[in-house]
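Hi there,

Here is the structure I promised to pass on. Have a look at it first, and my notes follow below.

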Amino acid sequence: MKHIIKKFSLFGITSIIILGCASFITKPDIFDKKKKPNVIFVFTDDQRFNSLGITGDPVTETPNIDQLAQEGVFFNQAFITSPICGPSRANIFTSQWERKNQIGFTNVSHNFISEAIFNNSWQMQMKNAGYATAFIGKHHTKITDRNDSPLKEGIDFTYYGNGHLGFYPAKKHKEFSNLKNKTQVEGLFEATEAFLKQGNDTDYFFENADSSLKGRLKKRDPNKPFSLWINFNLPHASSIGGMGSKPTDPSFYSTLYNDKKRELELPDGYPAPISLPENVYATSDLMKYYVTSNKEKLLNDKLKMNRAVHAIDQFMGNLRKLLKDLNEDENTIIVFCSDNGLFLGEHGLGGKTILYDESVHVPLIVYAPFFKNTEKGKRLNHLVVGQDIPATILDLCGIDIPETYQGKSMLPLIAENASEWREEVFLENLFTDQGYPRQEGIRTKEFKYIRSFSKENDRNKYLPEQTINTNEVPIYEELFDIVNDPKEQNNLALNPLYKEQLDYFRKQCSKKAKELLVANN
């Protein structure tokens with residue numbers, strides 16, 4: 001993809017924080033500054049769009065994230081195009097749709113991110129531009145081999161566990177055994193401090209590190225700008241078990257919102273039957289920790305997830321205080337987003353992956369201390385995707401965007417000088433384990449189209465080119481009027497009044513899948 005570069009004056013000073021295709025990509029006017037901006041990308045797990053105070057959660061208090069949004073830019077329509085852990089993260093590493101990168105879950109696809117593609121990842125591009133780099137927390141994809149060799153060798157500070165971390169990460173992963181804080185959020189903040197701080201305060205962290213981390217925890221060079229990617233495994237249901245069960249846990253993990261448990265929102269009409277035919281997806285397919293039919297269990301899970309979001313909010317407040325203490329608060333970029341959303345009884349579902357909005361719609365905030373007052377506090381309605389984050393980070397730092405990227409820089413949207421932007425988002429699920437159907441979809445501001453394919457012969461097979469090469473016919477289609485039916489309850493696919501729209505989206509879905517597959521070849 002060729003990018004046309006235009007300069008515009010967006011910033012007054014040199015700091016950025018970003019928190020959760022053919023268009024004009026612009027670069028900020030920062031090249032004459034003495035210091036390059038730092039970057040911090042905070043990536044949460046299974047965090048719903050409406051889980052924040054700023055997005056209307058009636059119970060959870062998130063003053064620090066809300067403040068970041070009020071001082072930065074909040075994207076009202078941000079989507080994850082492959083809404084499940086591993087594929088979503090692979091899409092961030094590659095800045096490509098899954099249809100193109102064909103990584104998915106390695107246990108199904110048997111594909112790894114190649115070394116060449118990894119070298120194009122935003123973190124490696126930052127390193128090549130002179131940045132000290134770190135990768136902390138959850139890792140859920142494979143890079144070149146099962147040891148993730150390029151990640152460990154290429155990134156200066158790699159402190160992560162493969163797969164789910166659990167509420168107490170050291171119980172699952174020996175890599176976290178050197179942490180004084182045993183709970184996940186607080187432990188990952190401790191690791192963040194170890195990377196960012198200078199001096200002797202964190203020597204214990206390096207001295208007590210597990211032998212498997214030898215050579216992987218390089219102390220940050222204070223003469224370099226830094227780029228840090230923090231990956232939580234919360235509020236994911238796999239990591240809320242045991243929350244608040246130890247006397248050393250912060251007290252809010254066992255007490256917060258107990259008095260508001262009955263104020264937790266349940267979906268309209270709860271409990272509802274699964275909205276899909278049984279041959280598409282059935283109750284028996286649900287992972288046990290995603291079952292939502294038991295009201296008391298659902299309320300308890302929601303309570304723990306709200307506490308996890310509160311903990312992440314505290315993390316963000318502590319992070320900004322740490323940056324200020326380090327005199328880096330006016331020179332740092334932070335990105336906040338979630339890897340996907342989550343069903344909590346909507347459509348009779350738990351988990352994610354199915355392409356309804358509860359699964360694909362996520363919070364995304366871009367904050368820069370040097371945004372002009374006219375940029376601060378914006379809430380933009382453009383359709384953006386997770387793949388846009390790497391392109392935006394590089395653009396903010398004045399680094400060329402690799403031509404392999406399918407994501408776009410969001411800077412023109414923030415500066416209001418984008419000559420064109422996408423009007424549609426292609427969505428997909430290629431994960432064929434755990435009962436999930438292969439699905440494709442198109443999301444616009446007005447409509448959502450989803451088509452599901454037969455599971456009869458595709459279990460645990462990876463078939464990214466199936467619908468393109470065979471003209472496979474879906475077994476079930478859905479069409480929703482998002483404007484008048486935002487909760488996607490009224491399927492219009494069989495309504496003759498919407499035949500024109502249905503025909504359009506059928507063709508557009510096939511067209512988009514093929515375009516994404518062959519793009520940049």
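**Salt bridges**

Glutamate 440 and arginine 451 form a salt bridge, with their closest N and O atoms 2.8 Å apart. Because glutamate 440 sits in strand β16 and arginine 451 in strand β17 (residues 447-452), this pair ties together parts that are 11 residues apart in sequence. Glutamate 440 counts as buried, since its relative accessibility is 2%. Arginine 451 is buried as well, with a relative accessible area of 8%. Please keep in mind as you read on that this is a predicted model.

Beyond that pair, salt bridges that share partners join Asp45, Arg89, Lys138 and Asp339 into one network. Across the whole structure, the search finds 31 salt bridges.

Another one to look at is between aspartate 357 and arginine 443, where the closest N and O atoms are 2.7 Å apart. This pair links distant parts of the chain: aspartate 357 belongs to helix α13 (residues 357-360) and arginine 443 to strand β16 (residues 439-443), 86 residues apart. Both aspartate 357 and arginine 443 are buried.

Glutamate 193 and lysine 197 also meet through their side chains in a salt bridge, at 3.5 Å from N to O. Here lysine 197 is partly exposed, with a relative accessible area of 25%.

Take cysteine 337, which is in no disulfide: the nearest cysteine sulfur belongs to cysteine 85 and is 13 Å away. Cysteine 337 is buried, with a relative accessible area of 1%. Cysteine 509 is buried too, at 0%.

**A charged patch and a covered helix**

Lysine 172 counts as exposed because its relative accessibility is 52%, and the cut-off for exposed is over 50%.

Helix α14 (residues 388-396) is mostly covered, with 9 of its 9 residues buried. Among them are Asp388, Pro390, Thr392 and Asp395. Glycine 398 follows α14 and has a positive phi, near 75°.

**Backbone details**

Most residues other than glycine have a negative phi, and most peptide bonds are trans. With that in mind, here are some places to check in the viewer.

- Leucine 234 and proline 235 are joined by a cis peptide bond, with omega about 5°. Proline 235 lies in the loop between β8 (226-231) and α11 (252-255).
- From tyrosine 270 to proline 271 the peptide bond is cis, with omega near -5°. Proline 271 is in the loop between α11 and α12 (295-325).
- Glutamine 102 is not a glycine, yet its phi is positive, about 55°. Glutamine 102 is in the loop between α3 (98-101) and α4 (106-109), and it is buried, with a relative accessible area of 16%.
- Threonine 353 is not a glycine either, and its phi is positive at about 75°. Threonine 353 lies in the loop between β11 (350-351) and α13, and it is buried, with a relative accessible area of 1%.

Happy to talk any of this through.

Best wishes

Definitions and conventions
Residues are numbered from 1 along each chain as its sequence is written. This is a predicted model: local features need pLDDT of at least 70, side-chain atom pairs count only at pLDDT 80 or more; totals for chains, interfaces and linings use all residues. Side-chain values use heavy atoms; hydrogens and water are left out. Buried means under 20% relative accessible area, exposed over 50%, partly exposed in between (1.4 Å probe, protein chains only). A disulfide is a pair of cysteine sulfur atoms within 2.5 Å. A salt bridge is a side-chain nitrogen of Lys or Arg within 4 Å of a carboxyl oxygen of Asp or Glu. Helices (H or I, at least four residues) and strands (E, at least two) are DSSP runs, numbered from the N terminus.
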